[in-house]
Amino acid sequence: MFPKCKVGEDKGQQHTFEDKWPSMRAIVLKLLQQEPVTQNEWQDLFYNVHQVCLWDEKGAVKVRDALTDDIMEFIKKAQVRVMSHQEDQALLKAYIAEWRKFFTQCNYLPTPFRQLEASLVGYKTASSFKATSETSIVRKLMLDSWNESIFSDIKQRLQDSAMKLVHAERAGEAFDSQLVIGVRESYVNLCSNPKDKLQIYRDNFEKAYMEATEAFYKMKAPQYLHANGVQNYMRYADAKLREEELRAHKYLESCSGSVQLLTECCVNVLVTAFKNTILAECAGMIKANETDKLQLMFKLMDRVPDGISPMLDDLVDHILQAGLDDMLASADIITQDSEKYVERLLQLFNQFSLLVKDAFSDDPRFLTARDKAYKQVVNDTQVFRLELPSKQNAGVKCTPESKCPELLANYCDMLLRKTPLSKKLTSDEIESKLRDVLLVLKYVQNKDVFMRYHKAHLTRRLILDTSADSEKEENMVEWLREVGMPADYVNKLARMFQDVKVSEDLNQQFKEQCRSTRGSIADSINIKILNAGAWARGSERVTVSLPMELEDYIPEVEDFYKKKHSGRKLQWYHHMSNGTITFANSIGRYDVDVTTFQMAVLFAWNQRPQDRISYENLRLATELPDPELRRTLWSLVAFPKIRRQVLLYRPEAQSPKDFLEDTQFWVNQEFALVKNGKMQKRGKINLVGRLQLSTERSKEEDNESIVQLRILRVQEAIIKILKMRKKMSNAQLQTELVDILKNMFLPSKKMIKEQIEWLIEHKYMRRDEDDINTFIYMA
């Protein structure tokens, strides 16, 4: 509020600059010198400025010029007082004291001169002129005057003195940190440029601080590294980076980005400059499992551009080398025992995971590197090799793949079947180990091989009823779904369980029907009616002459099933069947579990137990194909788990292939079950062993079927993609194809190319006429 004019006062008298300035100047000088000003003097200053600016035509300019002179005179006196100090700290103290006093008045002195500012910019009254402290003309005048006089002359000395104090602090000396803070505040507050208020601070104080810091560590860092070695230097660098960051928060302007710039400067001079020297130690530290040192190196290198990549390479090399060395060293044990193999793989995974956790805090980049290297270990072919034909009908040239998926499937079978291993483990332990298998399976490339063997083992367990825990079996199917196994494969496994449950109901109904006509023998018959799409590995069936007791039941089962389900056809897979026969001799009476083929062979002696029968006659009696008969006879004359064999033969043979047409076979009348060196009169013996799921085929033929299935899956996926896209490039097609098939196997570029050519040849797709690398779907 401005005071009103007194009543009767002559408005034209004594309102000139010359009349009013002397009294105004006295108040201005008091304000500059921070001397007490009364309320009346303060109000008079407002009033007089208002009157002079309104009634004196050149009053505003005269007031501004006189005010400038007085401000400059005050600043020069302050400069004399500051410059009288020669010692750095005394100089800083004097400057900061003068500056703070002056800066305080920069906020008070402009207030009475608002009318002056309004007049200078063309407004008649101060009330219509909106001025802020940042846009105040008087405030700008004061700051610019200070900057042009005392600051321009002394700023170099101020900077040098402040930097000396910071240097002394780095050297461990104590001083009043407020001196450096005060200098920084003056640089920050001195700028009157409204667009960039930190211009003076950045061009002077910040620049000097950065240069001083860089120069200090350029000298100290190499000396420390040379004297103390890399590992101690890393601790030094880490400590100094933290120390400088704290110091920067104290001495640099927090909102200017200076702290970030200073940190980058320190990283460059302390870490980046010695990056190669530090990284040279990484491989040795990883090998020695020095996690604390690696953690420190990771912390430092993560600040450096491209500092982590060499560490990732070192980790991949270590995992690959250590993993393969371990597998090769344990080859004699793990090649004979799938349990040992899988457990060794899991130990390696846990070992490498612990290293990544302790040394690199489970950083995603290092976890990816671990996965990349471990995947190579799992799929390596040095210890285990599965030879797959490179073409469908070219068994000579083979592509080696890891045998890991087959061994994983075998291990799952050991856990899920009634075995010594599954019997000694608790339910929770079995579940834990199965999940471990799924963890390793994630890294397997040829998952289709695992699917094939796992399904074969499941088939045996369900047919022979040897599952240790039916709930775990069904859980395993869902876990396979969760880890991304193909839906069609998982659905077939689920259908297998469904078939077994349906077969139980059918069995019960069939037995009830047979009891009335066949008596108690019906209870010994157990049929399993299975869906061919879910169970069958192939369409091959084996001819065999069944015992009359079984042969009679086949038409009855077929008639019974046709009544339940019209239009369905039953196909008998005798090579997947088994049963129990009673073997009696002078020593005792034994229940023997046998396959249908073994039963057919043994029933040749049912009516003439003392006879010797030739190989040729056995073939005529059983009607078995030669390979199957040889394999079946060998299981009866050389079963590895019993001391006394069921059959004896002459002449001696080293393998089934050595049987001659006139080789004689006869029942071993001394056959008995031996336990702890004593013959048992009663007991049960299992001769089924590993249930045969297909006819006798060579390993090469079996592997060839894997390749053939892959070929079909690649063709199917290509057509599926092109049918949706209609037109796409070769690169896009290959990318999408790998993405679709990665949960089954990784198709080679050669296989993809061959199948594309086959599909083009058979008019499923064609090349674009303008671009041979673009494919078009043909309906």
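Me: How do β3 and β4 pair, and over how many bridges?
Reply: β3 and β4 (residues 589-595) are antiparallel, with 7 bridges. Two strands pair here if DSSP finds at least two bridges between them. Strands (E, at least two residues) and helices (H or I, at least four) are DSSP runs, numbered from the N terminus. This is a predicted model, where local features need pLDDT of at least 70 and side-chain atom pairs count only at pLDDT 80 or more, while totals for chains, interfaces and linings use all residues. Residues are numbered from 1 along each chain as its sequence is written, and side-chain values use heavy atoms, with hydrogens and water left out.

Me: What joins β3 to β4?
Reply: A hairpin, through 4 residues.

Me: OK, and what order do β5, β6 and β7 take?
Reply: β5-β7-β6, in an open sheet with antiparallel pairing. Its edges are β5 (612-614) and β6, each pairing on one side only, and the twist averages 30 degrees from one strand to the next. β6 and β7 are joined by 4 bridges, with Y649 opposite F665 in β7.

Me: Which strands does α28 touch there?
Reply: α28 packs on the sheet against β6 and β7, its direction making about 110 degrees with that of β6. Contact means heavy atoms within 4.5 Å.

Me: Why does the length of α28 agree with what 12 residues should span?
Reply: Because at 1.5 Å a residue, the 12 residues of α28 (626-637) should span 16 Å, and its end C-alpha atoms are 16 Å apart. The expected span is 1.5 Å times one less than the number of residues.

Me: What covers its buried residues?
Reply: The cover for α28 includes α26 (596-602), α27 (615-622), β6 (647-650) and β7 (664-667). Among the buried residues of α28 are L629, L633 and L636.

Me: Switching topic: how many residues are in the largest nonpolar core?
Reply: 181, and those with the most contacts inside it are Y95, F113, F205, L270, M311 and L480. Helix α8 (residues 199-251) gives the most to this core, with 18 residues. Apart from it lies another core, of 39 residues, among them V601, L618, L636 and F665. A nonpolar core is a set of buried Ala, Val, Leu, Ile, Met, Phe, Trp, Tyr and Cys residues joined through side-chain atoms within 4.5 Å.

Me: Last one: how many disulfides does the structure hold?
Reply: 0, with a disulfide taken as a pair of cysteine sulfur atoms within 2.5 Å. For C265, the nearest cysteine sulfur is that of C266, 5.4 Å away.

Me: Is C265 buried or exposed?
Reply: C265 counts as buried because its relative accessibility is 12%. C404 counts as buried too, at 0%.

Definitions and conventions. Buried means under 20% relative accessible area, exposed over 50%, partly exposed in between (1.4 Å probe, protein chains only). Axes are lines fitted to C-alpha atoms, for helices over the stretch in contact, and angles run from 0 to 180 degrees between N-to-C directions.
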